[in-house]
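I opened this notebook to record what I looked up in one model. The entries follow the order in which I read them.

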Amino acid sequence: MLQYTTDFSSRITMRFLPFLLLIFTLQALAAKKALVVVSVLPQKTIVQGVAGDLVDIEVMVGKGFNPATYQPSPRQIARLSRAVLYVRAGMPFEQSWLPRFTAVNPAMAILDMREGLKLLPAQGHHAQDADPHIWTDPELVKQHAQRLRDRLDALFPAHKSRFDENYSRFAARLNALDRELQTTLAPVRGESFLVYHPAWSYFAHRYGLKQMAVEHEGKEPNPRSLARLIETAKRAHIHTILVQPQHSAATARVLADAIGAKLVQMDPLEADIFSALRKLAAALTAQKS
């Protein structure tokens, strides 16, 4: 009797196995989140702030890589084939690669994060273009996040209420950060700070500061320009030079020795924009003390 029951159960299991596998496959597909791809790490924080855990997010330019010279890997290109949305930052590598991205996935929506914003001219690489580093200004981040929310609402109408709630919370955090930075930076308003690569223009504009850069249009200064910069930095009483991990600090080190300044590493491509802007404010106010 036991053998008969076992055989019968086995036959039932084998008969329904394809059906069970189909159910598990459909469940797995249903659980697979839509993919949103962004260019640089700060954008991931913005997408997470609006989309929460409703989408998967992948970043093209990882930590430590330079967006001016970056080349996506074959795996990244392949992954784009299932992306629903690509959020463009305006980085140099996108100019040559974006046509290939859209060729891989013509159905993929494209959102330029600079869309609708009041932009500043770039001072570094490709200076004829607008500065892409809008995530250094909380107000511009909030404006972009609103457009991102609207695009996600259109792509995934079933989750509209979640996106709207997430945006409201994210916008409140950005408003609080802006108020905090206004207070922190009030003692140094109107003063200059020196960077190697001019990635903090929006931050400076927002908080009434003046950004001076060692690099100009992606080039090292010649001896005459360096001498002028040394004199300007001395007159501005600059004691800190900001450098970032994506660029060589050799020239900044020469300048620091000449004016008696210290080098402070500050990454404008840090994923956590809240932490990055607070660290920058702390570095600039420490220069005052």
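This is a predicted model: local features need pLDDT of at least 70, side-chain atom pairs count only at pLDDT 80 or more; totals for chains, interfaces and linings use all residues.

Residues are numbered from 1 along each chain as its sequence is written, and side-chain values use heavy atoms, with hydrogens and water left out.

Entry 1, the sheet. I found four strands in an open sheet, ordered E2-E1-E3-E4, with parallel pairing. Strands (E, at least two residues) and helices (H or I, at least four) are DSSP runs, numbered from the N terminus; two strands pair if DSSP finds at least two bridges between them. Strands E2 (55–61) and E4 (109–112) stand at the edges with a single partner strand each, so one side of each has no neighbour in the sheet. I looked up E1 (residues 34–40) and found six bridges joining it to E2. Leu 35 stands opposite Asp 56 in E2.

Is Thr 45 buried or exposed? I located Thr 45 in helix H2 (residues 41–51). Thr 45 is buried, because its relative accessible area is 15%; buried means under 20%, exposed over 50% and partly exposed in between, with a 1.4 Å probe and protein chains only. Leaving aside neighbours within four places in sequence, I found Thr 45 in contact with residues including Phe 170 and Asp 272.

Methods: Contact means heavy atoms within 4.5 Å.
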